[in-house]
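This report describes selected local features of one protein model.

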Amino acid sequence: MKLWWVLLKNDFMDRLFVFDTSNIVYRGFFAFAGRHLRNSKGEITSGIFSAIRTILRLYKDFRFDLVVFSLDGPREQTNRFKIYSDYKVTRQKAPDDLKFQLSEVVRILRGADINCVSVPGLESDDVIASVVKKYSQNYEIFVVSGDKDLLQLLTNDNVRVVSFSPSKSEYEVIDRSSFVKEFGFEPEYIVDYLSLIGDAVDNVPGVKGIGEKTASYLVSKYRTLENIYDNLDNESPTIKEKLLAGKDDAFLSKELIKLIVADIDVEPSKFSLESFRKPQVLEILNYHGFKSIIKEIQPEVESSFQSSLFSSQDTLFSYMSNSTSQVHALSTSKQEKGNYKLVTSRESLSELLAKIKEKKLVSIDIETDEKHFMECSLIGVALAYEEGEGYYIPILHRVQKSVSNEEIFSFLREVCESLDIKKVGHNIKYEYIVLKRHGIELRNIYFDTMIASYLLNPELQQHNLDKLAEQYLNYTKVRYEDVTRKSLDRSLTLLDAPIESVLNYAAEDADITLRLYKVFKEKLSANPKLEKLLFEVEMPLVVVLAQMEMNGIKVDTEFLKGLSKELDREIKATANEIFNLAGEVFNINSPKQLSYILFEKLKIEPIEKTKTGYSTSEEVLEELSENYEIAKYLIKYRTLTKLKSTYVDELPTMIVPSTGRVHTSFNQTVTATGRLSSSNPNLQNIPVRDDLGKKIRQAFISEDGYLLGSFDYSQIELRVLAHVSEDRVLMEQFINNEDVHTITASMVLGVKPEEVTPEMRRIGKTINFGIVYGISPYGLSKQLRISTSEASEIINKYFEIYKGIKEYILKTLEFVSKNGYVETIFGRIRYIPELKGRVYNKAQITLNKSERIAVNTPIQGSAADIVKIAMIKLYENIRDTSVRLLLQVHDEILVEVPEDEVGKYEFLIKDTLESAVVLKVPLVVEYKFGKSWGDIH
């Protein structure tokens, strides 16, 4: 919290906050791209939620008195379009979802009697400038926007700009002195600076070839644009040439960037939380499910702001999270707390068994002592068969009970192993593993609410039970942390907590899971494709993944020790190369020191500026590596240190003592495309093609008497592309078992197939996979190290040959434009709302990031679904054999087979995987056996 602004408030002047309304809504919308918030109607609400949160947060931090919310006037009436017809021509049309969210924010504000101002002929920035001019002598003004153009307003000492980071929640308050410190010149000349660098977003041209560093130097030296051009002879020939060539653009840009100050009739609105408590506002907030915001604007909470102004933010949030009583009246849809019972007698256990058998469906949630899933103890089980009811059976708790643990386990076997009783859970794979380790097999696993949530809303970042209860049930759960508060010397577990607290927590989990099951089942029934995907792919996969996690994989710790020492030597040598090129020793891991070395000492032109200085991110280093050797060594250094710490040094610590193996967790609800991910350790991130990746894989070994078998789908995504696009040329290549990359290189480069060199084939491969991922001419030029025009010619040639692929891309873009989502062959959905309503140029395909996602998701997602289906079928075929399924990474499935039985099972596995799904082209699986994963990869 930036409380110093509260402390420094000018007692003689009221505070006026002027909000760039569209800016704060847009920032919130795009910050959530790929993981949008949605209300119960499925409408995206990320921009609304973020904007209102921003307003309330700033009110809490600054206690402002008055507000103005500005909006753009009608676009066609604004003056800048009259002097430059291409102004903002590069801006893409705002998605319908975004327009809706802006209108909802305006509706909320107007419902709170807060006016939103738009003036014909003026853009939002001009409205803000006009308000600042009118009231800067009367009020202490804060302008809230991320738009650099508004820094022009810092010429007045009563004005400050509150600027949020584009994708983060942090903000900075910029005043005149902090501006000068950052830019090196006064705010009066920001227009001249921006006129030189231009603005790609608004299509303000600037001067071609003049970047931030040069522009800052020129403005610091000469101040105004006019003075810069009067002193061209004092500058280097290169700068002079660029400035002369871009003179017209520079002065045009200055006209476009200068804010227009008009005499407008606008009165600031008074602001208080009371304004937001009006029924019409609460109704809108409740409709969108903004429970936390509703809590924040209640009367008790406002008084807490006043009394705890100097308290910690944690205390404030704790108060807010406990202030739930007033929310009940706001929402008739809020669900009530359940009736939960402890089961400690034979009679109650028998009664519960009879009820579950009668219902033939039960929600199950186990509690453990928090150790690794391969070592934890089962301390209790919660069950629910009726909404609003829940039961907890303590096993290891110190409670008085007349039923023995043997009888409890007998009860659990009867319930869990019954094929007549459907089992519902939230992340039920965990229940399966722990129960299996305790001698109980969970059969007839029917529904997982975490997976169902993921299928319905794959871009949601979290699918945990607490979040889903709030989103879908308007219900605040008891949190684990509330039950297991930390003592002074250690973290407590459920075994340390009072049994009543454990009962309310655990039984509630089972109850809420059952309630969510009813909600999700109804939602899925409205989409038969998704419903089929759940019941025929995702749910059967649960047991397969559980068994793989229990199997684990052996790791050679002695090999890793040797590799760690080898990497230490290589890291040291790489660091010395960096120090030699830098001319001094410094902390390579310090972004600040590295930034100094690169951009100040070595005078390398910076690429990206952040809040704290010039960026030294991976992307920046990759771009710099084309011209600077030090960047190549920095990338190598980071790769070596990351892989050493993440895998080489960490893997031995992950071995479970009772099994002697590493047991990764496979996640079904993380990636937006449907691919599996893994964690602890994350095996997806081990490099595939380089020597170090191979060395790390060599540490994964088979048990004595066994071999590891790698079964890898060959070019599965290209085969899916052939299937969905029905491109005749590509289909024939796969049907005839031709080398696709060689044929593509031959056709695109105009040589005979037999004349294609390995380098040409690499180009063909880059093009093929680049097209799958919607590569741009610029992206292809970077990969092939050719000019953008050459890359553009290659892509055009490709589409001339593979006409069906171009048609597929256009059809996909039309589909997402109409529906706001794309889907796989099997009906898996990914929402891309920003593309809804977009119009496309059929002649020239140039894709932005969202469009590339739209084109690639049906391909990558279908490939992921195929692999999942294949895993299920393979598991069914080998479950009663000595073959163990170990890992699934990318398009590869790793198994462990007795050495003397390889010949018995290799063709069974290959045939099962190749025939798992029938496409219009054949699926091909390549395989190899060896003692280590590295040997066969």
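## Local features of the predicted model

Ser-269 is located in strand E7, which spans residues 269-270. The model is a predicted one. With a relative accessibility of 9%, Ser-269 counts as buried. A polar atom of the Ser-269 side chain lies 3.1 Å from the backbone nitrogen of Asn-115. Apart from neighbours within four places in sequence, the contacts of Ser-269 are Asp-65, Leu-66, Val-67, Asp-113, Ile-114 and Asn-115.

The cysteines were examined for covalent pairing. A disulfide is a covalent bond between the sulfur atoms of two cysteines. The count of disulfides in this model is zero. For Cys-376, the closest cysteine sulfur belongs to Cys-416 and is 15 Å away, which is too far for a bond, given that a disulfide requires the two sulfur atoms to be within 2.5 Å. Cys-376 is buried, with a relative accessible area of 1%. Cys-116 is likewise counted as buried, at 5% relative accessibility.

Backbone geometry is considered next. Asn-680 and Pro-681 are joined by a cis peptide bond, with omega at about 0 degrees. Pro-681 lies in the loop between strand E20 (677-679) and helix H29 (691-698), and Asn-680 is placed in the loop between E20 and H29. Asn-680 is not a glycine, yet its phi is positive, at about 50 degrees. A positive phi, near 70 degrees, is also found for Arg-223, again a residue other than glycine. Arg-223 belongs to the loop between helix H9 (212-222) and helix H10 (225-230).

The relative accessible areas of these residues are set out below.

| Residue | Relative accessible area | Class |
|---|---|---|
| Cys-376 | 1% | buried |
| Cys-116 | 5% | buried |
| Ser-269 | 9% | buried |
| Arg-223 | 26% | partly exposed |
| Asn-680 | 57% | exposed |

The last feature is a helix pair. Two packed helices are described by the angle between their axes and the distance between the axes. Helix H36 (residues 803-819) and helix H37 (residues 849-878) have axes that come within 10 Å and cross at roughly 110 degrees. H36 and H37 are therefore roughly perpendicular to each other, since angles of 65 to 115 degrees are classed in this way. On the H36 side, the contact is made by Tyr-808, Ile-809, Thr-812, Leu-813 and Val-816; on the H37 side, it is made by Glu-851, Ala-854, Val-855, Pro-858 and Ile-859. Sorted by class, the residues in the contact of H36 with H37 are eight nonpolar, one polar and one charged.

Definitions and conventions: Residues are numbered from 1 along each chain as its sequence is written. This is a predicted model: local features need pLDDT of at least 70, side-chain atom pairs count only at pLDDT 80 or more; totals for chains, interfaces and linings use all residues. Side-chain values use heavy atoms; hydrogens and water are left out. Axes are lines fitted to C-alpha atoms, for helices over the stretch in contact, and angles run from 0 to 180 degrees between N-to-C directions. Helices (H or I, at least four residues) and strands (E, at least two) are DSSP runs, numbered from the N terminus. Angles under 35 degrees count as roughly parallel, over 145 as roughly antiparallel, 65 to 115 as roughly perpendicular and the rest as oblique. Contact means heavy atoms within 4.5 Å. Ala, Val, Leu, Ile, Met, Phe, Trp, Tyr, Cys and Pro count as nonpolar, Asp, Glu, Lys and Arg as charged, and the others, Gly among them, as polar. Buried means under 20% relative accessible area, exposed over 50%, partly exposed in between (1.4 Å probe, protein chains only). A polar contact is a pair of N or O atoms within 3.5 Å; within protein, one must be able to donate a hydrogen and the other to accept it, and residues adjacent in sequence count only if both atoms are side-chain atoms.
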